[in-house]
Amino acid sequence: MSNDKLQTATVTSADINDIKLQESLAATAAQPVKITARDVKVFYGDNQAIHGIDLDVYQNEVVAFIGPSGCGKSTFLRCLNRMNDTIDICRVTGEIKLDDRNIYDPTLDVVQLRAQVGMVFQKPNPFPKSIYENIAYGPKLHGLAEKKSDLDDIVESSLRRAGLWNEVKDRLNQPGTGLSGGQQQRLCIARTIAVSPEVILMDEPCSALDPIATSIIEELIDELKQNFTIVIVTHNMQQAARVSDRTAFFHLGNLIEIGATNELFTNPKQKRTEDYITGRYG
Amino acid sequence: MTVAETEKKPLPAPSKVQQKVQQSLARRQRQEKLFRGVGISAVACSLLLVALLFINIFSKGLPAFWQATITLDIYFDPAIVKIPEQPVQGAEESDNDFRERDLAWRSAVGMVNYNRLIQAGLEKVIPDALQHRRDLARIVTSGERFALRDLVIADPTLVGQTKTLHLLTDANIDVWLKGNIDRSLPDAQQQLSAKVREWVDQLAAEGVIQNRFSFALFMNPDSRSSLASAGLAGAFMGSLYMMLVVILLAVPMGVAAAIYLEEFAPKNKLTDLVEVNINNLAAVPSIVFGLLGAAVFIGWFNLPMSAPVVGGLVLSLMTLPTVIIATRSTLKAIPPSIRQAALGLGASKMQAIFHHVLPLAIPGILTGAIIGVAQALGETAPLLLIGMKSFVASVPAGPFEQSTALPVQIYLWQGNELRNFFEARTSAAIIVLLALMLSLNALAIWLRKKYEKRW
Ligand SMILES: Nc1ncnc2c1ncn2[C@@H]1O[C@H](COP(=O)(O)OP(=O)(O)OP(=O)(O)O)[C@@H](O)[C@H]1O
Ligand SMILES: [Mg+2]
């Protein structure tokens, strides 16, 4: 019952929030659009997982995807760097543009796309190689370093930006799999930024981590925002509220609502969003 | 109201739950004990059987590594060894001409009656030798005259000198001295004449005949005229050439097929069919592969009969499914997160597989391959059908020459009429085969450890 009161209270302050929303939208809209998705549908065999989603991601913003389990957040995220290509039964229709270039264009090489749109996975997945080689693999693959010293520089700066350098600088030749879970996830982030992508996709990057490791990664995301556009899937609504500029709420394969994060959490426009963020289902 | 609340039902009281758990606990413990008992007795049974097998084989086979050998001073009498001068290649002479002259010289050396040298040697240690010339000829096994010939060919200056040699005695003498025949049997049932038996016992007592390590078993090919010098070298080399063919053919082909099927092939009806057939192929009785080999490789491709290449090809066919299945299951076991990580960084599928998946799969692939090769090494049935069971009295110099294989040699010796001698020799051959297999398995374990150690 007290919940309802709270709800009415927020409704009464709608005007104030509306102004805030206008401001925040204006702030993000000042940035050029990085990714445009139009009428994206995804099928797993005969099963439709995504039912036509339109969404824009602006440059240098952090967008969070929230929604109940199985609603298609990961599926949609994987469309953005065509990781769905690796699933045989998966089919994607619609249009997704990165900087005005259709990423499903047959003339575009996924290798190039994935160098532009990096990904961090739910479970830390360092290669069973040394820390150094984990970071150096991407740059070597794309020929980003001509000399060994260039490569060393990339490794150091990537690890520094991921906030891991001081912890691992003396053990670069030891296996990456020997690090703690939180360190491994930061290693994966460092590995992703080592190829200098423009967009970083993160699928529940903190779900396997303790609160301290989580807060380190959240701080990291805040810093990375300066240089990268970030799309993050999370089940933790506090996390979405803390790190993202805008939040998108997914439900049963549909994008229900997207808006400035503080706006969406305090004044959701849709009943379903409200139900979800107030914990009625999920 | 949430879903959970609507479905709430009264739960049983905690004390009752405890009671139930106690009851089921006793039953569970009994089941566990029973299962453990069954498991332990199964392990004990198989260990016992393996122990029996090994005790049986080793107790029979080990004595065969030492053979009754007679030590004689052989005088290379120039009156008997009348040979021309060994040819030397002239400055003007072509290689072909020289080879012809050399061959003529060798055959001249081969014409010498070396048995007379041996008999002269025997006369020195047996006082009444001259009265029993026929018995004398039965002491040293007939193949040893070739050993003398080879000595002369290797060093013609030997003529006119005396050399102390260890010569193998006849197989029956070995049997007699090792007690593998009933000494109380009447003369008619003895293989050796009474005189020879008397001599041999005397010589053994004097230490002229001793058990010495039998290099013949390892250095000689099979023999039917001189049973005591029958060896494994021919079969061993035949098996080795076949292994070579299998390793060069089945392993790379199997691994490549597995990688393609597992990582690249589209999942459709056709690949399903291929998969089912590969699994079926692994279950096809090996003798069928022999028939196929005889028809295809010998019938159509006109490859030589009894040759290790054909054997190797047939065994490759047989090993292929094993390698494919082992490699595929290893590839399946590599966590997909590694692949995703590489793909997410912009590696192509091929790069992801070759840079990350395969290095992790190598220990498993190697183990599968070596187990397949070891299996092929022990296979007998298909080889019988492509003529590898024929008697071959030479060591093959290449994979296209006639030869037999270790397991087939075991089969052949097992069937030899001189049971008393070949029973031990068969077991000795089994020991050699087992040793070869165990070393292959050891290699598999070592490789596994070596590549796993890195992480
Ligand atoms: N590889 C796949 N094959 C078939 N169906 C899939 C596959 N991956 C996802 N799906 C289906 O697509 C739908 C969306 O799944 P998705 O993983 O995108 O959900 P999610 O929002 O990420 O859930 P969670 O929060 O639990 O990670 C689900 O119904 C799921 O069953
Ligand atoms: Mg997900």
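How far apart are the end C-alpha atoms of residues 34-58 of chain B, and what percentage of the span is helix? I got 36 Å between the ends, with 100% helix and 0% strand. Helices here are DSSP runs of H or I with at least four residues, strands are E runs of at least two, and both are numbered from the N terminus.

Ground rules, before I forget. This is a predicted model, where local features need pLDDT of at least 70 and side-chain atom pairs count only at pLDDT 80 or more, while totals for chains, interfaces and linings use all residues. Residues are numbered from 1 along each chain as its sequence is written, chains are lettered from A and ligands numbered from 1 in the order in which they are written, and side-chain values use heavy atoms, with hydrogens and water left out.

**Records**

I checked UniProt for chain B. Its unreviewed entry lists "transmembrane region" at residues 34-58, 240-261, 281-303, 309-331, 352-377 and 428-447. UniProt positions are in the numbering used here, feature names are shortened, and annotations may be inferred rather than shown by experiment. I looked at residues 281-303 of chain B too: 78% helix, 0% strand, and 24 Å between the end C-alpha atoms.

For chain A, the unreviewed UniProt entry gives "domain: ABC transporter" at residues 35-277. I find that stretch of chain A to be 37% helix and 27% strand, with its end C-alpha atoms 26 Å apart.

**Pockets**

I went to the largest pocket next; its volume is about 830 Å³. A pocket is an open set of points on a 1 Å grid over the protein atoms alone, where a 1.4 Å probe fits, with protein on both sides within 12 Å along at least five of seven lines; lining residues have an atom within 4 Å of a point. Points are joined across faces, edges and corners, and the volume is the space filled by probe spheres set on them.

I see 35 lining residues, with T86(A), I87(A), R339(B), Q340(B) and L343(B) nearest the centre. Elements giving two or more residues are α3 (73-79) and α4 (110-116) of chain A, plus α10 (233-264), α13 (308-333), α14 (336-344) and α15 (349-377) of chain B. The largest share, five residues, is from α14(B).

**Helix α6 of chain A**

I tested its length. With 14 residues (148-161) at 1.5 Å a residue, α6 of chain A should span 20 Å, and its end C-alpha atoms are 20 Å apart, so the two agree. The expected span is 1.5 Å times one less than the number of residues. Its buried residues are L151(A), I154(A), V155(A), S158(A) and L159(A). Buried means under 20% relative accessible area, exposed over 50%, partly exposed in between (1.4 Å probe, protein chains only).

**Single residues**

I noted M242(B), in helix α10 of chain B, as buried at 2% relative accessible area.

Is N302(B) buried or exposed? I have N302(B) as exposed, at 63%. N302(B) has a positive phi of about 55 degrees although it is not a glycine, and sits in the loop between α12 (286-300) and α13 of chain B.

N60(A) is also not a glycine, with a positive phi of about 60 degrees. I place N60(A) in the loop between β2 (47-58) and β3 (62-66) of chain A, partly exposed at 22%.
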